[in-house]
Amino acid sequence: MPIDINDLRDYKGGDPSKYRDYMEKRFKPVEWVDEVLQEDEVWRSMINKQADLRRQANKMMKEVIAPKKKAKEECDAEVAQYKALQQQVKDIAAELPTVEAKRDSLLNRIGNIVDPEVPVSQEEDEDNLVVALSPVPDDLKSPLPCPQGTIEYTLPPTAPMTHDDLLWRIGGFEPTRGSQVAGHRAYFLTNAGVLLNQAIINYGIAFLRKRGYNVVQPPFFMNKDVMAGIAQLEDFDEQLYKVTGKTDDPDGVTEKYLIATSEQPLCAYHKGEWIEEKQLPLRYAGISTCFRKEAGSSGKDIRGIFRVHQFEKIEQFCLTVDDFEFSQAEQERMLTAAKEFYDSLGIGYRVVCIVSGELNDAAVKKYDLEGWFPGQQTYRELVSCSNCTDFQARGVGTRCGQKVKNADGSSQKARYVHMLNSTLCATGRGICCILENHQTPEGVKVPEVLQPFMGGMDFLPFVRGPMEATKGEKKQKNKK
C-alpha cells in the first residue's frame, strides 16, 4: 500500500523533497526516499537498455537480415548477432521483477503525507493537540486547540471503583474461567456483561444507520496477500493472528490472518473496482469481532476487559473522491458522529490530534477521542479516527472517476479513492467507560439510550462483592 512512486520522480512532476520533509516529520530516516530513487534509477536504466536493445534488434532484422534473406545472401553472422541482442532483452526481462520488487519494498517504507494541523513531535503526553473537551470546563485557561502538556483546567469528578471491579460486582464477566480455557486476557462475558455488549452493538448500528451508513458484517479472516496490501509489516508480528491448515478452498489457500479491525476487510470490499464519482461518498458501519495479539502491550491493563485479545467493535469506514478537502471534511464528519455517540452515553471526553511521530504510515492525520474514566482518574482512548487519503486504496486497487486519456492518447494519472476509518465503539472499552461513569454505591445506571436495547433495564445491581485479588497482586501487597 505505498504512495505513488511518480510523486518522487521529478521528471514526472513529483517532488521528493516534500517526502523527505514528511519522513522527517514522522521521525523516520529521510534517506529512505533517496534509496527508493536510487533503486528506481537502476530499474529505469534497465528498462531503457532493454528498449534500446530491442530497437537495435528490430533495426537489424528490418534493415540487414530481411533484405539479405530476400536477396538470398549469407547472413549467419548477423542472425547470430540478432539472437544475442534478443537474449540480452530476455535476460533483462528476467531480472527486472527482482529489481522492481526491491524498489517497491523500499517504497513501502515511505509514509503518507502529513496534514499541516498535525503537531510535529514524538511526545504524545506533552504535544498531542487537544482540540475538544466535553463538557467544556468552566475554568479552562487556554483556548483550544492547545498542547496537552500546557492545558490547564480542573479534571472531571472521580469515583471510587474501577471498571474491572464494577463488571465483576454486577456479575458481568468471569476472567479466571476465561483464562483457564483460552489463556492470558481471555474471559467469559455473562449476564449483565452480555446484555451491555449486545446493547452497545445494536445501539451503534441504529445510530449509524440514522446517519446514512450501510451496515456490513465482514469475514473475520483474510487471505495473506490481501492483508499484506493493507496492514503494515509490524502489524503482522505485533497484532495479527495467523491461521493455517488445509481447507476445501479450491484455490488451495492455506494462510490466512484473523482481522484486528473490520477496517481491514472493508478496505478490500471494493478491491480492484472502479467507482464512479457520483457514487461517492460511500459510508459503511462495520460490525465484527476483532482479534489482536497485543504483543507490544505486556503488563498493560491486565485486569478487566479494556485490553483483550478478542472483542467486538463498531467501525465507521468511508470512501470519498480523491480530493483532500473532501476527505478532510469527511474526517471531521466522522469525528462529530463519534462525539455525538459518547455525548449520548453520558461520557465526558477530550479529543486530541495525535503527534506526527505516532502516526501509522497510512494516516495523514489521526484524532483520538479519549473518554474520562472516573475510577482510574484519567482519560483513555476510545476512538481512533484517521484520514488515509489514497494510501490504502492503492494497496487494493480501488479507483475512482472515469478512464480519461490525454490529448496525445496516453492515459491520465490513475485516480484512487480516499479511505477513512474511525472507531465508533470497541464494546469492551465502551462497557468499561460506561461502568465507571454511571456507578453508584449499589450498582450501575444504564444510559437512557441503551435501555431500549436491554429490554427496558435501567439499573444493574451489584450481585456479589469485590473480586478476589490474584496471586500476583497478593504477593505485591505482601511486599509492601
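Me: Why is lysine 224 called partly exposed?
Reply: The relative accessibility of lysine 224 is 37%. Buried means under 20% relative accessible area, exposed over 50%, and partly exposed in between (1.4 Å probe, protein chains only). The value for lysine 224 therefore falls in the intermediate class. This is a predicted model, in which local features need pLDDT of at least 70, side-chain atom pairs count only at pLDDT 80 or more, and totals for chains, interfaces and linings use all residues. Residues are numbered from 1 along each chain as its sequence is written, and side-chain values use heavy atoms, with hydrogens and water left out.

Me: What makes lysine 224 and glutamate 255 a salt bridge?
Reply: The closest N and O atoms of the two residues are 3.7 Å apart. A salt bridge requires a side-chain nitrogen of Lys or Arg within 4 Å of a carboxyl oxygen of Asp or Glu, so the pair qualifies. The pair links distant parts of the chain, 31 residues apart: lysine 224 lies in helix H8 (residues 224-228) and glutamate 255 in strand E8 (residues 255-258). Helices (H or I, at least four residues) and strands (E, at least two) are DSSP runs, numbered from the N terminus.

Me: How is it known whether arginine 103 is buried or exposed?
Reply: Arginine 103 has 6% relative accessibility and therefore counts as buried. Its salt-bridge partner, aspartate 104, lies 3.1 Å away, N to O. Aspartate 104 is partly exposed, at 28%. Arg103 and Asp104 also belong to a network of salt bridges with Arg9, Asp40 and Glu100.

Me: Why are aspartate 52 and arginine 55 said to be separated by about one helical turn?
Reply: They are three residues apart in helix H2 (residues 31-70). Arginine 55 counts as exposed because its relative accessibility is 52%, whereas aspartate 52, at 34%, is partly exposed.

Me: What makes H7 roughly perpendicular to H13?
Reply: Helix H7 (residues 192-209) and helix H13 (residues 427-437) pack at an angle of about 110°, with their axes 10 Å apart. Angles of 65 to 115 degrees count as roughly perpendicular, under 35 as roughly parallel, over 145 as roughly antiparallel and the rest as oblique. H7 is therefore roughly perpendicular to H13.

How values were computed. Axes fitted to C-alpha atoms, helices over the stretch in contact; angles between N-to-C directions.
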